[in-house]
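Colleague: I would like to go through this model feature by feature. Please show it first, and then take the contact between the chains.

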Amino acid sequence: MPSSENAACVELKFPCKPEFVGVARLAILGVASRMKFSYDEVEDVRLAVGEACTTSVEWAERNGKTGSDITLRSEIDADKLVVDILDEAGDRGDDGRAGDAEQEPENLGALLITLLVDEVTVVPRNGGTHVRMVKYARTR
Amino acid sequence: METRTVESELPIIELEGEVDVYTAPQLKQQMISLLESGAKELVVDLTKVDYLDSTALGVLIGGLKRMRERDGNMALVCPSPRIRRVFEITGLDKIFDIFNTPEEATESMGKETE
């Protein structure tokens with residue numbers, strides 16, 4: 001549901017598997033290129049979406065949900081891009097566990113996301129997780 | 001992702017393309033083989049890499065850790081500002097020795113072992 005009347009929505013549904021994360025990155029690269037983003041900001045969005053999808057894929061593998069799908073929904077507004085990543089990868093358990101980047105690469109992924117986009121929220125949904133990221137276009 | 005291991009006194013892993021959740025396991029496998037063959041030093045060349053994510057960073061961190069455990073070291077070659085930025089924003093540029101050319105990387109290794 002677009003939050004503003006002028007927003008355009010692009011939605012992509014793909015298998016929650018490692019080989020499809022690159023497809024999501026390509027799609028969001030196209031979407032972000034339509035925004036008034038700098039080259040670096042487009043890269044930021046691509047990396048953040050890649051990381052969010054990677055986390056979904058890792059949880060799907062852990063929870064035996066590799067047959068599920070990820071829905072990538074982006075809402076293009078004049079001043080911001082809102083990206084929703086909805087998975088059915090099962091429960092992520094307790095967040096905030098300590099661990100190093102090698103054992104818990106998703107910690108590094110989560111760090112990257114927070115550094116790359118302006119807002120990020122992660123909420124459990126029925127059978128999975130909903131990650132919402134917002135990146136604002138700087139008005140120059 | 002393409003990988004190529006250059007057979008020399010100092011092993012160099014050359015990566016090409018996207019190193020992500022799909023392809024990083026290949027890199028991990030290659031590092032494990034090198035470690036099993038007794039390598040203490042390694043150069044990972046990211047010159048031809050156009051995308052690198054946290055999964056790849058995790059594998060590189062693991063490799064560095066293992067090399068250092070055996071008093072060795074690992075150096076990265078990363079001339080691309082876009083790829084280098086991923087190391088910078090995560091602070092990993094302070095942990096890895098990052099060089100612009102394979103020559104600089106291998107030279108740094110030589111100095112450390114002498």
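Modeller: This is a predicted model. The contact draws on 18 residues of chain A and 15 residues of chain B.

Colleague: How does the side of chain B that touches chain A divide by class?

Modeller: That side has five charged, five polar and five nonpolar residues.

Colleague: What are the ipTM and pTM of the model?

Modeller: The ipTM is 0.86 and the pTM is 0.88.

Colleague: How many helices and strands does chain B have, and in what order do they run?

Modeller: Chain B has four helices and five strands. Starting at the N terminus, the order is β-β-α-β-α-β-α-β-α.

Colleague: What does the radius of gyration say about chain B?

Modeller: A compact globule of 114 residues would have a radius of gyration near 13 Å, and the 13 Å of chain B agrees with that. The C-alpha trace of chain B spans about 35 × 25 × 20 Å along its principal axes. Of the 114 residues in chain B, 38% are buried. Taking contacts in chain B between residues at least 6 apart in sequence, 67% join residues at least 24 apart.

Colleague: Now a helix in chain A. How far does α2 (residues 39–62) of chain A reach from its first C-alpha to its last?

Modeller: In general, an α-helix has 3.6 residues a turn, so residues three or four places apart point the same way. Helix α2(A) has 24 residues and reaches 35 Å, close to the 34 Å expected at 1.5 Å a residue.

Colleague: Why is α2(A) described as largely enclosed by the rest of the structure?

Modeller: Because 18 of the 24 residues of α2(A) are buried; the cut-off for buried is 20 or more other C-beta atoms within 10 Å of a residue's own.

Colleague: Which residue with a positive phi follows α2(A)?

Modeller: Gly64(A) does, with phi near 65 degrees.

Definitions and conventions
Residues numbered from 1 in each chain as written. Chains lettered and ligands numbered in written order. Predicted model: local features only at pLDDT ≥ 70, side-chain atom pairs only at ≥ 80, totals over all residues. Helix = DSSP H or I, 4+ residues; strand = E, 2+ residues; numbered from the N terminus. Rg over C-alpha atoms; globule rule 2.2 N^0.38 Å. Buried ≥ 20, exposed ≤ 12 C-beta atoms within 10 Å, placed from the backbone. Contact = placed C-beta atoms within 7 Å. Expected span 1.5 Å × (residues − 1). Nonpolar A, V, L, I, M, F, W, Y, C, P; charged D, E, K, R; others polar.
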